[in-house]
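Dear colleague,

Please find the structure below, followed by an account of what was found in it.

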Amino acid sequence: MEVSIYTDGSARGNPDGPGGYGTILVFVDSKGIEHKKEISAGYKRTTNNRMELLAAIVGLEALNRPCKVKLYSDSQYLVKAFNDHWIDGWIKKGWRRGKNEPVKNVDLWKRMLEARSKHEVEFIWVKGHAGHEQNERCDYLATTAADQPQELLLVDAGVDN
């Protein structure tokens, strides 16, 4: 099955403030019907990179069987980590980068590797959303989650897993 995942994270410009993520899965079932599944959640005291990573992770973890995935993210950091093989270098250096600096959010990067290992994933950087309607929706979900950091918002568009 082929799936498109559109992700976005928001820290609202404040590393100690509310943050949230939005993710949309788009796929066509065996009957040719397109489905969308939306996931949004808010967290406090976090960074934008952490939210972007969480958005991608939950999208991949929501898939209950191996899929061919196109993961769209406006996080150049996330996309370059895989497309430019940064993550391979971090692992070889014992989760260190650059001038021997520790990689942040190692637990999440490891969780991402685990989620990714179950699928064939192509990471696509969507600079400034590039007009992707679903990615704009992810931005809306991420902002909504950031505005309501105490709540877990799960919007299921009627898709049976």
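**Findings**

Ser10 belongs to strand E1, which covers residues 2-10. Please note that the model is a predicted one. With a relative accessibility of 11%, Ser10 counts as buried, because the cut-off for that class is under 20%. Apart from residues up to four places away in sequence, Ser10 touches Pro18, Gly19, Gly20, Asn48, Met51, Ala142 and Ala146.

Two of those partners, Asn48 and Met51, fall within helix H1, residues 48-61. H1 is mostly covered, with 10 of its 14 residues buried. The buried residues are Met51, Glu52, Leu53, Leu54, Ala55, Ala56, Ile57, Val58, Gly59 and Leu60.

**Packing around helix H4**

Two packed helices are described by the angle between their axes and the distance between the axes. For H1 and helix H4 (residues 106-117), the angle is about 25° and the axes are 9 Å apart. Angles under 35 degrees count as roughly parallel, and H1 and H4 are therefore roughly parallel to each other. H1 passes H4 in a left-handed crossing. On the H1 side, the residues that meet H4 are Arg50, Leu53, Leu54, Ala56, Ile57, Val58, Leu60 and Glu61. On the H4 side, they are Leu108, Trp109, Arg111, Met112, Ala115 and Arg116. By class, this contact of H1 with H4 has 10 nonpolar, no polar and four charged residues.

Helix H2 (residues 76-83) also packs against H4: their axes come within 13 Å and cross at roughly 60°. That makes H2 oblique to H4. H2 passes H4 in a right-handed crossing. The contact is made by Tyr77, Leu78, Ala81 and Phe82 of H2 with Trp109, Met112, Leu113 and Arg116 of H4. The residues of this contact of H2 with H4 divide into seven nonpolar, no polar and one charged.

H4 itself has 12 residues and reaches 16 Å from its first C-alpha to its last, close to the 16 Å expected at 1.5 Å a residue. Its buried residues are Val106, Leu108, Trp109, Met112 and Ala115. Among the elements that cover them are H1, strand E4 (68-73), H2, helix H3 (86-92) and strand E7 (120-125).

Trp125 is placed in strand E7. Its relative accessible area is 36%, so Trp125 is partly exposed. Neighbours within four places in sequence aside, Trp125 is in contact with Ser73, Asp74, Ser75, Gln76 and Val79. Trp125 and Trp90 are 35 residues apart in sequence, and their C-alpha atoms are 20 Å apart in space.

Which residues does Asn135 contact, leaving aside its neighbours within four places in sequence? They are Tyr6, Thr7, Tyr72, Asp74, Val126 and His129. Asn135 lies in helix H5, residues 133-147, and is buried, with a relative accessible area of 0%. Asn135 and Asp8 are 127 residues apart in sequence, yet 7.2 Å apart in space, C-alpha to C-alpha. Asp74 is in contact with Trp125 and also with Asn135.

Yours sincerely

Terms used:
Residues are numbered from 1 along each chain as its sequence is written. This is a predicted model: local features need pLDDT of at least 70, side-chain atom pairs count only at pLDDT 80 or more; totals for chains, interfaces and linings use all residues. Side-chain values use heavy atoms; hydrogens and water are left out. Axes are lines fitted to C-alpha atoms, for helices over the stretch in contact, and angles run from 0 to 180 degrees between N-to-C directions. Helices (H or I, at least four residues) and strands (E, at least two) are DSSP runs, numbered from the N terminus. Angles under 35 degrees count as roughly parallel, over 145 as roughly antiparallel, 65 to 115 as roughly perpendicular and the rest as oblique. A crossing is left-handed if the near helix is turned anticlockwise from the far one by less than a right angle, and right-handed if clockwise. Contact means heavy atoms within 4.5 Å. Ala, Val, Leu, Ile, Met, Phe, Trp, Tyr, Cys and Pro count as nonpolar, Asp, Glu, Lys and Arg as charged, and the others, Gly among them, as polar. Buried means under 20% relative accessible area, exposed over 50%, partly exposed in between (1.4 Å probe, protein chains only). The expected span of a helix is 1.5 Å times one less than its number of residues.
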